[in-house]
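Me: Please take a close look at the aromatic rings in this structure. I want to know how they pair and where the pairs sit.

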Amino acid sequence: MSRVLRIGGGQMGPTHKADSRQAVVRRMLDLLDQAKAQKCDFVVYPELALTTFFPRWYMTEPAEVDAWFEREMPSAATRPLFEQAAHDRIGLSFGYAELTADGHHFNTSILIDRDGKIVGKYRKVHLPGHSEFDPERAFQHLEKRYFEPGDLGFPVWRTMGGILGMCICNDRRWPETYRVMGLQGVELIVLGYNTPSVNSQKAEEGPEKRLFHHRLMVQAGAYQNSTWVVAVAKGGAEDGFPMIAGSIIVNPDGEIVAEAKTEHDELIVADCDLDATIFGKETIFDFKRHRRVEHYGRITSQTGVILPPQS
Ligand code: CDT
């Protein structure tokens, strides 16, 4: 049986502070319509898809912060997206800020099957940035202030005929992210991102370098785990703060097979044959035969660097 999934990467242009969830969902529905016209099976949207990237704003009032979070999913604003996707038999993944019933805040993404049912949830593990206002930075990145580190690990799910996993933005910079899913046989990793075009602590690191790093880490993660990776941006300037776009679909050889050309709402499409993951998993990246866990202890027992003793 064919295991080719036609994947749509639903890149989104900027969403400003004043934009409503309803207006954003209308844009997501437009992308879904395009995906339907192109016969996609599955559409991936960005991190924090429903709002502006609010962690760039320093807030002190809990009510002001919580206004960016969703208390239920589907919410009133997102229900039309769930319903339309189920009607079209298209699976979805998108990110949002999650406020749980017992008051926890997470940067979350979900996996929705072709029946419109949420079958997977991931909460961002590697939160970048800082928790207090930093006057030294050109702009703020306050994810550590507004979110707790994810508490669900890196699970994978059997859905859409394959083994799927999720991660979010900064997670893609960490090889551990891909490997933990690789060790569960992942065949397709989907992720959304909001990556500023300039390093707030190093002005000379601009969009070209940032796009280079983005491609480097996603291509490496795909190749080293013989998996497809679909990475989808929210790009363009949100209230004057530019972010890279550059959404990509990468095959298990680490090659880019589709890439966004604009910084706006744009659908990229690729046929992803999940069986193309098998060769790498059975040869050079046959983990069971080749991994040497007796030498990897530091990976899980240590966070910071421990330098060798001075001679
Ligand atoms: N959203 C997100 O995780 N952005 C980070 C920015 C890192 S710089 C603080 C990223 O990895 O793109």
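Reply: What follows covers the ring pairs and then the charges over rings. The model is predicted. It holds 12 aromatic pairs.

Start with phenylalanine 82 and phenylalanine 94. Their pair is edge-to-face. The centres are 6.2 Å apart, with 90° between the planes. Phenylalanine 82 belongs to helix α3, residues 79–88. Phenylalanine 94 belongs to strand β3, residues 91–99. The pair therefore ties together parts that are 12 residues apart in sequence. Phenylalanine 82 is buried, at 5% relative accessible area. Phenylalanine 94 is buried too, at 1%. Both count as buried because the cut-off is under 20%.

Next come phenylalanine 139 and phenylalanine 241. Their ring centres lie 6.2 Å apart and their planes meet at 70°, so this pair is edge-to-face. Over 60 degrees is what that label requires. The pair links distant parts of the chain, 102 residues apart. Phenylalanine 139 sits in the loop between β5 (118–123) and α4 (143–146). Phenylalanine 241 sits in strand β11, residues 241–243. Phenylalanine 139 has 18% relative accessibility and counts as buried. Phenylalanine 241 has a relative accessible area of 25%, so it is partly exposed.

Ring pairs also build a cluster. Its members are Phe54, Trp68, Phe69, Tyr146 and Phe147.

Finally, the charges over rings. Lysine 17 lies over the face of tryptophan 57, 4.0 Å from the ring centre. Arginine 172 lies over the face of tyrosine 193, at 4.3 Å from the ring centre.

Key: Residues numbered from 1 in each chain as written. Predicted model: local features only at pLDDT ≥ 70, side-chain atom pairs only at ≥ 80, totals over all residues. Heavy atoms only, no water. Phe/Tyr/Trp six-rings, centres within 6.5 Å; stacked < 30°, edge-to-face > 60°. Helix = DSSP H or I, 4+ residues; strand = E, 2+ residues; numbered from the N terminus. Buried < 20%, exposed > 50% of the residue type's maximum accessible area, 1.4 Å probe, protein only. Lys NZ or Arg CZ within 6 Å of the ring centre and 35° of its normal.
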